[in-house]
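Please examine the sequence and the three-dimensional structure shown below. The paragraphs that follow lead through its elements, its surface and its charged side chains.

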Amino acid sequence: MNQLTIPEFNLLMEAVKLQQIDKDYRNHLQAFLNYSVKAQKKIGRNKTRPIFTKFQKFYDYEKELEKARGTVKSRFAEASKFLRGGKTRG
């Protein structure tokens, strides 16, 4: 019962590799976010200010929840409706 067949072993190894890729993705994403949150905008000769002054400007949690629930209307909803052959309101 504790022995794996070769196809099961190969599938397990693929799952481990995919899991590692997901971890690497998260690490790279975190590094990118660390860099972008420190981004500065020039406002004068020798002055800068942060681009993101509030966390909500950097990451809008409520908007992401709405997207996950499917309650946010896409900006391209009208265009996609038109391309499918439907009528638009304009």
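Helices (H or I, at least four residues) and strands (E, at least two) are DSSP runs, numbered from the N terminus. The model is a predicted one, in which local features need pLDDT of at least 70, side-chain atom pairs count only at pLDDT 80 or more, and totals for chains, interfaces and linings use all residues. Residues are numbered from 1 along each chain as its sequence is written, and side-chain values use heavy atoms, with hydrogens and water left out.

The confidence of the predictor in each residue is expressed as pLDDT, from 0 to 100. For the protein chain the mean pLDDT is 84, and 90% of its residues reach 70 or more. Where pLDDT is low, the predicted coordinates should not be read in detail.

Helix α1 contains Leu-12 and also Ser-36. A residue is called buried under 20% relative accessible area, exposed over 50%, and partly exposed in between (1.4 Å probe, protein chains only). Leu-12 counts as partly exposed because its relative accessibility is 42%. Ser-36, by contrast, has a relative accessible area of 13% and is therefore buried. The C-alpha atoms of Ser-36 and Leu-18, which are 18 residues apart along the chain, are separated by 27 Å. In helix α4 lies Ser-80, which is partly exposed because its relative accessible area is 30%. Between the C-alpha atoms of Ser-80 and Met-13, 67 residues apart along the chain, the separation is 41 Å.

Which side chains pair by charge? A salt bridge is a side-chain nitrogen of Lys or Arg within 4 Å of a carboxyl oxygen of Asp or Glu. By this rule the model has one salt bridge. Lys-67 forms a salt bridge with Glu-64, and their closest N and O atoms are 3.3 Å apart. These two residues stand three apart in helix α3 (residues 61-69), so about one helical turn separates them. Lys-67 is partly exposed because its relative accessibility is 47%; Glu-64 is partly exposed as well, at 31%.

The surface also carries patches, made of residues with over 30% relative accessible area and no salt bridge: like charges are joined within 9 Å, and nonpolar side chains (Val, Leu, Ile, Met, Phe, Trp, Tyr) within 5 Å. Accessible areas come from the Shrake-Rupley method with a 1.4 Å probe, and for residues only the protein chains shown count as cover. Leu-4, Phe-9, Leu-12, Met-13 and Val-16 form a nonpolar patch, with about 430 Å² of accessible area together.
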